[in-house]
Amino acid sequence: MRTTTTGVRKRDHLYGDRERGNLAYAGWSRLLDGFASILSASYQLLRPGGIVVITSRPVRRQRDDLIDLPGELLAATQSAGLVPVARTAAMLAAVRDGQVVHRARLGRGGK
């Protein structure tokens, strides 16, 4: 990603090819099931007291359909036998002219 005079230009932002095993292109249910499987396998590899860190954000499946992916992943971690230690939130924002400017787009036509 790089900044240009016309805004931000993204590159290499796709999740690989649409091959069969790529969870990025799976349906929602298969994506969460796959993630739970990955977490279960990870749990077996952790040493006692080990920590798994997951970063995620809410996603839109359609124009106005906001999905709580962090909440879904939290449920998947618990079903895999992991015990949550903390859930934190970070605001996606920029600072322009000394002011915090949010980057959230909520609803139609939001800026």
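In this protein, residues 24 or more positions apart account for 34% of the contacts with a separation of 6 or more, a contact being heavy atoms within 4.5 Å. The model is predicted, so local features need pLDDT of at least 70 and side-chain atom pairs count only at pLDDT 80 or more, while totals for chains, interfaces and linings use all residues. Residues are numbered from 1 along each chain as its sequence is written, and side-chain values use heavy atoms, with hydrogens and water left out.

**Overall architecture**

- The secondary structure comes to two helices and six strands, where helices (H or I, at least four residues) and strands (E, at least two) are DSSP runs numbered from the N terminus.
- Along the sequence these elements follow the pattern β-β-α-β-β-α-β-β.
- Of the 111 residues in the protein, 16% are buried; buried means under 20% relative accessible area, exposed means over 50%, and partly exposed lies in between, with a 1.4 Å probe and protein chains only.
- The accessible surface comes to about 9600 Å², and 52% of this area belongs to carbon and sulfur atoms; such areas come from the Shrake-Rupley method with a 1.4 Å probe, and for residues only the protein chains shown count as cover.

**Helix 1 and its cover**

- Helix 1 (residues 28–45) has 18 residues and reaches 26 Å from its first C-alpha to its last, close to the 26 Å expected at 1.5 Å a residue, the expected span being 1.5 Å times one less than the number of residues.
- The buried residues of helix 1 are Leu32, Gly34, Ala36 and Leu39, and what covers them includes helix 2.

- Ala76, found in helix 2, is buried with a relative accessible area of 8%, and, leaving aside neighbours within four places in sequence, Ala76 is in contact with Ala36 and Leu39.
- Ala76 and Ser40 are 36 residues apart in sequence, whereas their C-alpha atoms are 9.1 Å apart in space.
- Thr77, also in helix 2, is buried at 9% relative accessible area, and it touches Leu39, Ile54 and Leu82 when residues up to four places away in sequence are not counted.
- A polar atom of the Thr77 side chain lies 2.6 Å from the backbone oxygen of Leu74.

**Strands 5 and 6**

- Strand 5 (93–96) and strand 6 (99–102) pair in the antiparallel sense over four bridges, pairing being assigned if DSSP finds at least two bridges between two strands.
- Within this pairing, Ala93 stands opposite His102 in strand 6.
- The hairpin of strand 5 and strand 6 has two residues between the strands, and there Asp97 takes a positive phi near 55 degrees, although Asp97 is not a glycine.
- Asp97 counts as exposed, at 82% relative accessibility.

**The salt bridge**

- The count comes to one salt bridge, defined as a side-chain nitrogen of Lys or Arg within 4 Å of a carboxyl oxygen of Asp or Glu.
- That salt bridge joins the side chains of Arg87 and Asp68, at 3.4 Å from N to O, and it links distant parts of the chain, 19 residues apart, with Arg87 in the loop between helix 2 (69–79) and strand 5 and Asp68 in the loop between strand 4 (65–67) and helix 2.
- Arg87 is exposed at a relative accessible area of 51%, whereas Asp68 counts as partly exposed at 41% relative accessibility.

Key. Polar contact = N/O pair within 3.5 Å; in protein donor to acceptor, adjacent residues only side chain to side chain.
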